[in-house]
Structure formats: structure tokens, C-alpha cells
Amino acid sequence: MDKFTNSAWFMRIVAFALAALLFISINFEMESDKKSLGLSTAPEISTETIENVPVEVYYDRENLVVSGVPETVDVTLKGAKSLLINAKNQRDFKVYVDLSDPAISMGDRTVTFKISELNEKLVATIDPEYAEVNVQERVTKEFSVEAEYNSSLLEEGYTAGQPTVSPKTVKITGAKDAIEQISYVKANLEISKGLNETVNSKATVKALDRDLNKLDVTIEPSSVAVSLKVSIPSKTVSIEPKQTGKAKDGIRITSISVDPKEVTLFGSETSLEKIDEINLPVNISKIDGDTELELDLNKPESVQKMSLGKAKVKIRTEKVDVDEENAEPVVEEEEPETEQKQEEQVVEEKPVPEEEDEAAAIESKTFNNIQIVPVGIRDDQDAELESDVTSITLLGEADDLKKITKDDINLTVDVSNLDEGTHDVDLAVTVPEGVEWELDSKTVSVTITQKDEET
């Protein structure tokens, strides 16, 4: 045994074993150090999905329109985790569709999404992989704009005229087939419920097909100014004082007059048609002599508002013996004929010269918001009045005026011989026979424009 351990071969074997152990030990320690320092030679492979990556489309934007390309796609990346984290945070890559070839043909086609500026050590998968797109010739065409609004939002009793827009036309650009589908170009005026005044606002323009579906086109300008004139029908009626109560002993009511004699009512036309006068109750039970009162006017429920809320009442009296008074009692509410007899009695007691009596017989009655109607408009023209309503005062006998209503008055303006531009035109007035009329202005400004050609 001693001979073997002392031999050269034994020493060589032992030395080789020690060297192998030392080599294994050193390499094991180096691998441990690398792992602790993140220097592993075998990188960790992972995947990461990045959602909603924008898609760029390259094509001739001046002459073509491309539709069907989604705005975003999802990109799944595979590679070293450190590279994935950097790509996700930086998003320095691009997803695109290339349709820039000048020889590209019109119509439908399938295109594949591509990715650029991505680290070459990463592998990308795009979802979806491709898109069905449509390539069309780019077309620009001019259209007339029609304004619209929800008439149910008007306050009760109010009416609105035809809304006007400025500018009246817009230029619409899009694919040729989309332009050909345009049936309506609308500007919808947004209004709130209970509208009771004229509106001037901006409205967004939309292009719609015949089924009222919105089309994907570009509109210039995208919004227009819209004006909607809102008004309420009116009617001027007389104020009729009505006696209530019983006069005191020794007092006789000789006359009751009211100032003003008329009030203007505002409301729906159907409501106003039913009203011819406003009754003003006058309680005479506390009257001791000639008196002036200011009394409230009672607004009918069907009327929205009145031009005034009070009226002055003049009461004229005379003192009589109790026996005489009892012989001719005062009724609680006299009929119109009795009032007329009282007036005649006053005239007999206090005679008035004929000239003054004749002058007093002529009264006036004013009608507001009388519609002015243009006549003779040519088919190729539009006529716009500076104001399409006015007031007119009629002069005549009280009985004749009382019978006249707003429907008996016609105001027209003849535009048949007018050229394009603005003109001052005389008003033509038609009123019942036996009355005269007065206007604040006998002319109205009319603007004539040529109609836009249908598109």
C-alpha cells in the first residue's frame, strides 16, 4: 500500500481530482454571482399586450378618401422582459397601413397592418391582422343648409317663424359615394323647453342620407348661425266697466268711463278668438260722489299676458231725493241698453254742440302684430321682409270699430316687379268700409335674393 501511495501515478491522479474540484467550485461561484447581479446569460422571455395602439394611414389625402381602417389595434409583443417593459412605456413603434402607391385602384380591398420602429429583438403580433378598406375619389360639393328645431318646446301660446341660417350653404367633402348619398343637410337648433323669445345661436351642421343616418364627411363650415323669431299672437279688445252692488241712498250713478278703453291680449289664436272684451267690475256701493279709481283687470285663464294690469275708472254721480231714487231704483248690474239710456240722459241734461258731438263720435282702435304678406314672388326668387308685422290704427264710429277684428285687416306688399337687392315698397291696406286707417310707416324694406340651385 505504501508503495502505491508513493508512486508517481497516485500523485498525478490526486492532483487531477483536486484541479477538477477547484474548477467546478470556481464556476459555480461565478454563476451564482452573475445571477445575483442580473447577468444571467439566458434572458427571461415574456409576452406583453399593448391595447389601443393608434393606426396611421398613408395615402394621397388630396385626391382620395379611405374608409374602413380602425382607429386603433392591439399589439402583442414577445421577447426579453426588460425590452418589453421599455416598449410598453415608450410606445416608440408605429402601426400603419400603406396605401401610398399612386397606381392604387378605387374600390374595396384587404390591407395588412404593418409595424415599424420596433426593437428587432421583439416579435409583434397585431390584432386584427388586416382590415377591409374602401378607397374612393375625394369629392367636394356645395349644399344648402336647412335649419330645424323642436316646435314642442315653445311656451304655450307662442309661435315661431321659419328659422334662417347664415351662411345658407356649406361645402361638403368626402368619398364620392358618400356625397351621392346626401339627401339632407341639417342644422339643428338646440333650444330649451318653455321658449318665449327670439333665439340667435350657433348650430352644428350634419349631412344625412334619406334614412336620416349621419354620413362620414367633412363639412366646412361645421356650424352656422341660426335665427328663430318667436312671437305670440295678440288681439286688442275693449274694456267694458260693469256696475256691481247698490248705490247709497241719495246717490245716482250718471256715468262710468274707463281709461284706457282697450287692452291688448296675448295668447294662442284659438283662445283669443273667443274673447271680444274684458269686463271690469265696478262696485258702486261705497260711492259718495264723483270718484276716480284704479282697478285691477282680471286676466282670462286662456290668455298668457295682457299689455296692462290696471285701468282708471271715472264715476260721475248726482244727488237725488230718496223718494225719487226709490221710484227709479238702480239695478245691481245694468244691461248695455240701460247704460246707453243713461248716457243719452246725461246728454239731454248737459247738451253738447253738434260739432263737439260729431267729433266725439269718431274713435280709434289699434291692432298690433298684423301680418304683412308678400305677393307676386317669382319662382326663382326669395323675399325677406325687414319686419313682417306692424301695427295699424283704425278711425271711425265706435259701433263700427267694435265689430272689426284682426281678420278683417289685410296688409300686403307687391314684390312681383323687384330685382335682386333691397327695396322700400309701399304697403297695400285693405280694411272694412266706413273706417280710415293710419300706419307708423307706409313702406316696408324688402330684400330680394335669387334662390339657390337645387343640389
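Is Leu21 buried or exposed? Leu21 has a relative accessibility of 58%, so it counts as exposed; the cut-offs are under 20% relative accessible area for buried and over 50% for exposed, with partly exposed in between (1.4 Å probe, protein chains only). The model here is predicted, so local features need pLDDT of at least 70 and side-chain atom pairs pLDDT 80 or more, while totals for chains, interfaces and linings use all residues. Residues are numbered from 1 along each chain as its sequence is written, and side-chain values use heavy atoms, leaving out hydrogens and water.

Leu21 sits in helix 2, residues 8-36 (helices are DSSP runs of H or I with at least four residues, strands are E runs of at least two, and both are numbered from the N terminus). Together with Val14 and Leu18, Leu21 makes a nonpolar surface patch of about 290 Å². Patch members have over 30% relative accessible area and no salt bridge, with nonpolar side chains joined within 5 Å and like charges within 9 Å; a salt bridge puts a side-chain nitrogen of Lys or Arg within 4 Å of a carboxyl oxygen of Asp or Glu.

A negative patch turns up too, formed by Glu269, Glu273, Asp407 and Asp408. Glu269 belongs to helix 5, residues 269-273, and is exposed at 55% relative accessible area.

Tyr58 and Tyr96 have ring centres 5.5 Å apart and planes at 35°, so the pair is tilted (centres within 6.5 Å make a pair; planes under 30 degrees apart are stacked, over 60 edge-to-face, the rest tilted). This pair links distant parts of the chain, with Tyr58 in strand 1 and Tyr96 in strand 4, 38 residues apart. Tyr58 is partly exposed at 32%, whereas Tyr96 is buried at 17%.

Definitions and conventions. Accessible areas come from the Shrake-Rupley method with a 1.4 Å probe; for residues, only the protein chains shown count as cover. Lys and Arg count as positive and Asp and Glu as negative; His and the chain ends are not counted. The place of a charge is taken as NZ of Lys, CZ of Arg, CG of Asp or CD of Glu. Rings of Phe, Tyr and Trp (its six-membered ring) pair if their centres lie within 6.5 Å; planes under 30 degrees apart count as stacked, over 60 as edge-to-face and the rest as tilted.
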